[in-house]
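Work through the exercises below with the sequence and the model open. Each task is followed by its solution in steps.

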Amino acid sequence: MTDIQSLILDHVRKFHREREQGRGFVPGETPLLPSGAVLDEDDRVALVEAALNLRIAAGSSAEQFEREFARTIGRRKAHLTNSGSSANLLALTALTQAELGERRLRPGDEVVTVAAGFPTTVHPIVQNGLVPVFVDIELGTYNTTPDRVEAAIGPRTRAIMIAHALGNPFPVAEIAALAAERGLFFVEDNCDAVGSTYQGRATGTFGDFSTVSFYPAHHLTFGEGGCVLTDSVRMAKVVESLRDWGRDCWCAPGCSNTCQRRFGQQFGTLPYGYDHKYTFSRIGYNLKTTDLQAALGLSQLAKLPEFGAARRRNWQRLRDGLEGVPWLLLPRATEGSDPSWFGFLLTVLPDAPFDRTAVLTFLESRRIGTRMLFSGNLTRQPAYQGVTYRVAGELTNSDIVTERTFWVGVYPGLTTEMIDYISGSIREFVESRR
Ligand SMILES: Cc1ncc(COP(=O)(O)O)c(C=O)c1O
């Protein structure tokens, strides 16, 4: 590092400390976000350092992050993307590609998924001309169950794609076993659950692919970003090609002739020796990330264990603080799991003398941020009117979630005092309605 660079970075550290000074908590005034990025001095320095070196496209930090993150999660390959939604799109689209031969997904094939969750777990199914088959969830864990998934499998079902609900693992080992038994592909949307385990094994290691989001609400942040993980080196290459315009060449940015046959191959009816760099073997996208984002991600990755511990601590404190409160269903971890929680879900029970809007209005008036379980029952969203899908069984609980469920934050930026203010406020509201 040059003298001028270390001088600048020292100033960045000073700047950070000045900015962060005196940020106390004033109940009712300080906004308590349901989720957010926790960024420290090292994160700020990492970003500035990447900027100083003008690492504006994917480069050394992106490569290092992919290697380290794959190791952290326990998969062979990780490919960075510009968002978790892009990661889902790439994972599912990879399953439609020729490399999979007769097994590949074709238009009209069905993919079993969950009705109440985040929309871009499901959109890639529709975007690929496939048919979502919606199953219901259970209240309390807000996850689906293996029996529901099994009952949804029909003659055209070829894959399962499900997200862990707000950090709480679904019974992923059983669903992976079901997929294997029935010859189905399995995509595990791990966007909200990095660091969670099921039966002692990390979520994100069960599916043919798993995906992650690095949006600020998530366990690690890039600002915007995502990742596709797999153990298949061959399918990782397919993901990379789809991410990088659909190109056949796998040269890293700035490199040429990695294949040693840049001008020595025949592709289709292109002239012999057509530049491999400009040979496109699939209908791809550009969903790449940058080194600015990856540099931040690397700095964040070092803090993953401490972030996970804080999420667990905050969730448990809220759970204890709300024990016994009437008219609200408290959340529970899926049996056999250790969730790295994304949020704290509550459902207003049918006999409550108040509705969800009343609780949310009260909490928001105290600057306690609240969220829905994302789209609720997705089939009720405007975007899904006119979309071809199948519903397996009833979506009763998905409807309940749409009408009566909400969540508050547990992210590491919330202190014990803040968590107690959240649980105290919820209690106060409920008591006022007795
Ligand atoms: C379960 C799940 N999947 C996918 C996504 C999409 O991630 P991104 O916002 O990075 O596109 C989200 C976003 O929060 C999510 O919660």
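The model is predicted: local features need pLDDT of at least 70, side-chain atom pairs count only at pLDDT 80 or more, and totals for chains, interfaces and linings use all residues. Residues are numbered from 1 along each chain as its sequence is written, and side-chain values use heavy atoms, with hydrogens and water left out.

**Exercise 1.** Describe the packing of α2 against α9.

Step 1. Helices are DSSP runs of H or I with at least four residues, numbered from the N terminus. Here α2 spans residues 41-52 and α9 spans residues 291-301.

Step 2. The angle between them is about 150°, and the axes are 8 Å apart. Axes are lines fitted to C-alpha atoms over the stretch in contact, and angles run from 0 to 180 degrees between N-to-C directions.

Step 3. α2 is therefore roughly antiparallel to α9 (over 145 degrees; under 35 is roughly parallel, 65 to 115 roughly perpendicular, the rest oblique).

Step 4. Contact means heavy atoms within 4.5 Å. The α2 side contributes Asp-42, Asp-43, Ala-46, Leu-47, Ala-50 and Ala-51, and the α9 side Asp-291, Leu-292, Ala-295, Leu-296, Ser-299 and Gln-300.

Step 5. Sorted by class, this contact of α2 with α9 has seven nonpolar, two polar and three charged residues (Ala, Val, Leu, Ile, Met, Phe, Trp, Tyr, Cys and Pro are nonpolar, Asp, Glu, Lys and Arg charged, the others, Gly among them, polar).

**Exercise 2.** Describe how α3 packs against α9.

Step 1. α3 (residues 60-73) meets α9 at about 35°, with axes 8 Å apart.

Step 2. The contact residues include Phe-65 and Phe-69 in α3 and Ala-294 and Leu-298 in α9.

Step 3. The contact of α3 with α9 comprises seven nonpolar, five polar and two charged residues.

**Exercise 3.** How many residues surround the ligand, and which are closest?

Step 1. There are 16 (a heavy atom within 4 Å), and the closest are Gly-84, Ser-85, Asp-189, Asp-192 and Ser-213.

Step 2. A backbone N or O atom of Gly-84 is 2.8 Å from a ligand oxygen atom.

Step 3. A side-chain N or O atom of Asp-189 lies 2.8 Å from a ligand nitrogen atom.

How values were computed: Helices (H or I, at least four residues) and strands (E, at least two) are DSSP runs, numbered from the N terminus. A polar contact is a pair of N or O atoms within 3.5 Å; within protein, one must be able to donate a hydrogen and the other to accept it, and residues adjacent in sequence count only if both atoms are side-chain atoms.
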